[in-house]
Each structure stands twice: as structure tokens, then as C-alpha cells.
Amino acid sequence: MSEARDLIDRARAAARHAHAPYSRFAVGAAVLLADGSVVTGANVENASYGLSLCAETVAIATVSAQGRLRDVVAIGVIGGMMDAAGRATGSDPVRPCGRCRQVINEAAQLSGRDVAVYCAGAEGDTIANYRLSQLLPDAFGPADLGIA
Ligand code: THU
């Protein structure tokens, strides 16, 4: 199985744990590390809506908590509206929001890799492939602060 397809499958599994009762939009993310291990996340909404956390940010924060920000190679992201049973639906690829692009950039610059970003919907075979530099060109990051 391809790296992209595997990460999208893992992100879809992660999205089942989305806590998204307000938007009813479930997002899952799966981060591939250099040793082949995968760390996942899902969005965590809050009754105080503005406190909600995106799936990609949850996944990258978990990677950081494991001391492995410099090991990030790629990330898969999926999302879709939940049906009545709570299952994410739709086949249009979901791309990381602006804040998440910046969060992924922290890992990208520290790892020295132009991280691959694979985007898909909750269903279907379409995967949109990017490098982070395409989604966030000329990024501000740790290198600007002398951290590499
Ligand atoms: N969301 C993510 O988890 N990642 C993104 O990149 C975009 C948006 C979440 C936040 C919120 O829980 C729901 O999707 C609707 O915006």
C-alpha cells in the first residue's frame, strides 16, 4: 500500500474519535515519523466554541509530547460532515486550515523536510498530494528565530 493511502486510512480511523458535536464535521490526521511509526489525532471541539482543537494540531502536539517533532515525514488529513450515526461522509479532499499549516511547519523546519501533506475526504479514492511549502510558501518558522 502507498504511503499516502496508508496515512489516509489511518486518518479515517482516527476521525471516528472526533469530538465534534457542534460542527458535526469530523477530521482525522495521521503523522508518519521517520521510523515508520504513525501518530494520529482527531478534532476536539468545546462548548466554548473558539477553544476547539483541529485534528492536525492534536496529532502534531502528540508527536511533540513524545519528543519527536524532528522526525515528522508526512501527514494525512481527512474530513467530512457526520451523518446521523456519527460517521464522516463525503469525498471532497479536506486541506489543513491556516493555523494547522503553521503548526505542521514547526515540525517541517525542525525536521529539515518539506513534509508531504495528503488530503482526502471521509470516503472515496481521491487523494490530493502536496508539500507543505505549496500550502504555506515562504513560511515564518523556527529558523527565523535562530532555531534549527
Ligand atoms: N478542523 C480540523 O480539525 N482541521 C482543519 O484543518 C480544519 C477544521 C475542525 C475544526 C472544527 O472542529 C471542525 O473541523 C469544523 O471547523
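The shell around the ligand divides into 6 nonpolar, 2 polar and 3 charged residues. The model in which this shell is seen is a predicted one. The residues surrounding the ligand are Ser23, Phe25, Val27, Asn43, Glu45, Cys54, Ala55, Glu56, Arg95, Pro96 and Cys97. Two elements, β1 (25-33) and α2 (55-65), each supply at least two residues of this shell.

In the side chain of Asn43, an N or O atom is 2.9 Å from an oxygen atom of the ligand. A polar backbone atom of Ala55 is 2.8 Å from a ligand oxygen, and a polar backbone atom of Cys97 is 2.9 Å from an oxygen atom of the ligand. Taken alone, the ligand exposes 380 Å², of which the protein buries 78%.

From the ligand, the reader may turn to α2, which supplies residues to the shell. The buried residues of this helix are Ala55, Glu56, Thr57, Val58, Ala59, Ile60 and Val63. Ala55 and Glu56, buried in α2, also belong to the surroundings of the ligand. The cover over the buried residues of α2 includes β1, β2 (38-42), β3 (72-81) and α3 (98-111). Just after the helix, Gly67 takes a positive phi of about 70°.

The interior comes next. In soluble globular proteins, nonpolar side chains tend to be buried together. The largest nonpolar core here has 23 residues, and Val31, Val72 and Ile75 touch the most other members. Two or more residues of this core come from each of β1, α2, β3, α3, β4 (116-121) and α4 (132-135).

Which residues does Val72 contact, leaving aside its neighbours within four places in sequence? The contacts are with Val31, Leu32, Leu33, Val63, Ala107, Ser111, Arg113 and Val115.

Arg24 is in the loop between α1 (3-15) and β1. Arg24 has a positive phi of about 55° although it is not a glycine.

Asp138 lies in the segment after α4. With a relative accessible area of 82%, Asp138 is exposed.

Asn46 has its place in the loop between β2 and α2. At 31% relative accessibility, Asn46 counts as partly exposed. Beyond its neighbours within four places in sequence, Asn46 is in contact with Tyr22, Leu51 and Ser52. How many residues apart along the chain are Asn46 and His19? They are 27 residues apart, while their C-alpha atoms are separated by 8.4 Å.

Notes:
Residues are numbered from 1 along each chain as its sequence is written. This is a predicted model: local features need pLDDT of at least 70, side-chain atom pairs count only at pLDDT 80 or more; totals for chains, interfaces and linings use all residues. Side-chain values use heavy atoms; hydrogens and water are left out. A residue is near a molecule or strand if one of its heavy atoms lies within 4 Å of it. A polar contact is a pair of N or O atoms within 3.5 Å; within protein, one must be able to donate a hydrogen and the other to accept it, and residues adjacent in sequence count only if both atoms are side-chain atoms. Accessible areas come from the Shrake-Rupley method with a 1.4 Å probe; for residues, only the protein chains shown count as cover. Helices (H or I, at least four residues) and strands (E, at least two) are DSSP runs, numbered from the N terminus. Ala, Val, Leu, Ile, Met, Phe, Trp, Tyr, Cys and Pro count as nonpolar, Asp, Glu, Lys and Arg as charged, and the others, Gly among them, as polar. A nonpolar core is a set of buried Ala, Val, Leu, Ile, Met, Phe, Trp, Tyr and Cys residues joined through side-chain atoms within 4.5 Å. Buried means under 20% relative accessible area, exposed over 50%, partly exposed in between (1.4 Å probe, protein chains only). Contact means heavy atoms within 4.5 Å.
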